[in-house]
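Biologist: Could you walk me through this one slowly? I'd like to hear what the labels rest on.

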Amino acid sequence: MRKINNIEQAFAQMSYRLENGKYEPKQIDLDAYSFLANWVMESKKQALKNDVLFAKLFCRVFAQEVHFYKGDFKLAQKTMHNYLKHPIEFYYEKFTQEVNDVLMNKYINDLGITEKHPALLTDKERESENELLKDKMIMDYFEGILKEDKVFISLNNVITEFINKYKNLP
């Protein structure tokens, strides 16, 4: 027996039962089916209308995932499920880590530290980088220059500003 995972599969099963000839549906069965189908369709339209910002971002990210997985929609959809199952705090923490990494790499590059493997550095380059690593600010960047509590507040502000600005656009 196959498992029904979504409303479309449920309706397909109900349609099959009503149309297969083994079960003679009464008019009330057909009316009930039609009522449910219309109700679900309207409910989905309303849900999409209520969450149009989510739908816009979902389309954009889903397209990127489909591109990344070279047209494998099932794998892209699985990735989208994985993204959405985490609480928002997970993404705030991830955002903080990623931005801190970017800022640290920018700071290191601005200091003049190369991305060469240490074995490929000349003695002069190694000496120069060791001097640069004595910079007092570098530890702040290694520990994360942006702190989670401040990032959470800033992200919440930006998110709510975007919601308020774009929530009524089609």
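Biologist: What share of the contacts in the protein chain with a separation of 6 or more comes from residues 24 or more positions apart?

Modeller: That share is 49%, where contact means heavy atoms within 4.5 Å. Before we go on, this is a predicted model, in which local features need pLDDT of at least 70 and side-chain atom pairs count only at pLDDT 80 or more, while totals for chains, interfaces and linings use all residues. Residues are numbered from 1 along each chain as its sequence is written, and side-chain values use heavy atoms, with hydrogens and water left out.

Biologist: How many helices and strands does the protein chain have?

Modeller: There are 8 helices and 0 strands. Both are DSSP runs numbered from the N terminus: helices are H or I with at least four residues, strands are E with at least two.

Biologist: Why is Glu115 called exposed?

Modeller: Exposed means over 50% relative accessible area, buried means under 20%, and partly exposed is in between, using a 1.4 Å probe and protein chains only. Glu115 has 72%, so it counts as exposed. You'll find Glu115 in the loop between H5 and helix H6 (123–132).

Biologist: And Met14, why does that one count as partly exposed?

Modeller: Met14 comes out at 32% relative accessibility, so partly exposed is its label. Met14 is part of helix H1 (residues 7–19).

Biologist: What makes up the largest nonpolar core?

Modeller: Such a core is a set of buried Ala, Val, Leu, Ile, Met, Phe, Trp, Tyr and Cys residues joined through side-chain atoms within 4.5 Å. Here the largest has 6 residues: Met104, Tyr107, Ile108, Ile113, Ile138 and Tyr141. Helix H5 (88–111) and helix H7 (138–143) each give two or more residues to this core, and H5 has the largest share, 3 residues.

Biologist: Which residues does Tyr141 touch, leaving aside its neighbours within four places in sequence?

Modeller: Tyr141 is in contact with Leu103, Met104 and Tyr107.

Biologist: What percentage of the protein chain's residues count as buried?

Modeller: Of the 170 residues, 16% do.
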